[in-house]
Amino acid sequence: MSKNKAKMIGLTVFTSTVLLSGCGLFNTETQQKIDPPKTVTVKEDVVSKETSAKEKEAATKNTVQTELYLIDKDGYVVPRTLALPKTTSVAKQALEYLVTNGPVTDLLPNDFRAVLPEDTQVSVNINKDNGVATVNFSKEFKNYQPEDEQKILQSVTWTLTQFDNIKSVKLKMNGHDLTEMPVSGTPISENLSRATGINLDNTDVADITNTKPVTVYYIGGEEGSYYYVPVTRRISNDTKDNYAAIVDELIQGPSQNSTLVSEFMSDVKLLDAPKYENGTVTLNFNKNIYDSLKGKEISQNLLDTLVLSLTEQQGVEKVAVEVDGKVDIKNDKGKKVSEPVTRPEKVNTGSY
C-alpha cells in the first residue's frame, strides 16, 4: 500500500473516531464498542514504509548514478544525475540516454531535453592505453538544429569524460572521421576534452588569443528546483593564480544577459593568496562571505559552487575555507565546515 493511501486511511479512521465519539459523549459503553482499534493506521503505515524501503533498496541495487549533460529551458548544457539500469557498457548507455525520444524520455527533469537527434544509433570504442573514446554515430546524427551544434559537442564530451577511463573523445559518422560538424561546420579537434569548455561565455573578451579558459559553476533553475551550471569564462594569459581568478569570476557573477546567478556578494574578498598543498586549496575570506540573513553561516550553495569550480582545475581534490583565518565555521544547514571539502561524486542529483 502506498504512503498516500496509508495517510488517507489514517485520516478516514481519525475522522470517523471523532464523529462517533461525539455521538457517544453521554454513552461510554457505546463508544467503546464502535471505536476502531487504534493500531490499524499504524500497521498500514509501517507496512507502507517497509515496502517503500524494500522497493527503494531493490531499485538502487539495479541502477547506477550517471551524469547526463542535457539542455535546460535557457539553452545551457547542464549535468543531471539520473539512475540508469546497470550495464557493462556504461559509456554507450550514457550516449543512448542523450537521444531525443529515447530511453531518457520518462526520466527527464522538468524543462530539460535530450541533445542528440531522434533515432541516432551509437557505438563507443575506448582505447585503454590513451583513454580516447571513439564514438561512431549513425546517419541520423546530422538531423539536428544548427543552434544545437556546439551543445551537442559539449554534451557528448562532458558526458563521456565523467568516466575515469575516458580522457578525450573522437567522433565519427557512418564509420568516417568527423573533422567538422555536419550542419554548420563547427571544426572538431581530433580529440575533444573538457579543456574545450562548456557553455562558453566570451563576454567582454576583445582578443581571445591572449586568454585561457576556466570553468566556474553558477546556479540555474528556480526556487524548488535549483541546479549547478558549468560556464567556461576567459581570463588573461598573464594570470598566474588561476585559483584566485576563479574566485574572482564567482564574485563577479555571470554576464548580465545570463539567467544564471551567483551566491557570492560583490563585497566578498580573499584576504590572502590561495594556498595549494597536496591536492587541497585553502582560501581565507573576509566576513562578507557569511550569509547576511543567517549571521555567521556560509550558504551551502556558495560552498558547492566554490568546490565544483576549483576542482575543475587539475590536481585540486579538496577546498578548505577560512574566514578571517578561522576554520570553525558552519554552513546554513548548521553543519560544521572545519575540514576540507571534496567534490561530490555526481553533480545535480536533486533540487537545492
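Colleague: How far does helix 5 reach from its first C-alpha to its last?

Modeller: Helices (H or I, at least four residues) and strands (E, at least two) are DSSP runs, numbered from the N terminus. The expected span of a helix is 1.5 Å times one less than its number of residues. For the 12 residues of helix 5, 16 Å is expected. The reach in the model is close to that value, at 17 Å.

Colleague: Which pLDDT must side-chain atom pairs have in order to count?

Modeller: Residues are numbered from 1 along each chain as its sequence is written, and side-chain values use heavy atoms, with hydrogens and water left out. This is a predicted model, in which totals for chains, interfaces and linings use all residues, local features need pLDDT of at least 70, and side-chain atom pairs count only at pLDDT 80 or more.

Colleague: How many residues of helix 5 are buried?

Modeller: Buried means under 20% relative accessible area, exposed means over 50%, and partly exposed lies in between (1.4 Å probe, protein chains only). Among the buried residues of helix 5 are Ile152, Leu153 and Trp158. The helix is mostly covered, and of its 12 residues the number buried is 11.

Colleague: Against which helix do the buried residues of helix 5 pack?

Modeller: Packing rests on contact, which means heavy atoms within 4.5 Å. The strands that the buried residues of helix 5 pack against include strand 1 (63-72), strand 2 (77-85) and strand 5 (132-137). The list also holds one helix, namely helix 4 (90-96).

Colleague: Which strands stand at the edges of the open sheet of 4 strands?

Modeller: This sheet has the order 4-5-6-7 and mixed pairing.

Colleague: Which residue of strand 5 is the bridge partner of Ile126?

Modeller: Strand 4 and strand 5 pair in the antiparallel sense over 5 bridges. In strand 5, the partner of Ile126 is Ala133.

Colleague: With which residue does the side chain of Thr161 make a polar contact of 2.8 Å?

Modeller: Thr161 lies in the loop between helix 5 and strand 6, and it counts as buried because its relative accessibility is 13%. A polar contact is a pair of N or O atoms within 3.5 Å; within protein, one must be able to donate a hydrogen and the other to accept it, and residues adjacent in sequence count only if both atoms are side-chain atoms. Beyond its neighbours within four places in sequence, Thr161 is in contact with residues including Ile166 and Val169. The partner in the polar contact is Arg194.

Colleague: Is Asn174 buried, partly exposed or exposed?

Modeller: Asn174 is found in the loop between strand 6 (168-173) and strand 7 (176-177). Most residues other than glycine have a negative phi. Asn174, however, has a positive phi of about 55 degrees. Because its relative accessibility is 47%, Asn174 counts as partly exposed.

Colleague: What is the phi of Asp119?

Modeller: Asp119 is found in the loop between strand 3 (112-113) and strand 4 (122-126). Its phi is positive although it is not a glycine, and the value is near 75 degrees.

Colleague: How far apart in space are Met265 and Gln252, C-alpha to C-alpha?

Modeller: Met265 is found in the loop between helix 6 (242-252) and strand 10 (275-277), and at 52% relative accessibility it counts as exposed. Met265 and Gln252 are 13 residues apart in sequence. In space, their C-alpha atoms are separated by 8.3 Å.

Key: Pairing = 2+ DSSP bridges.
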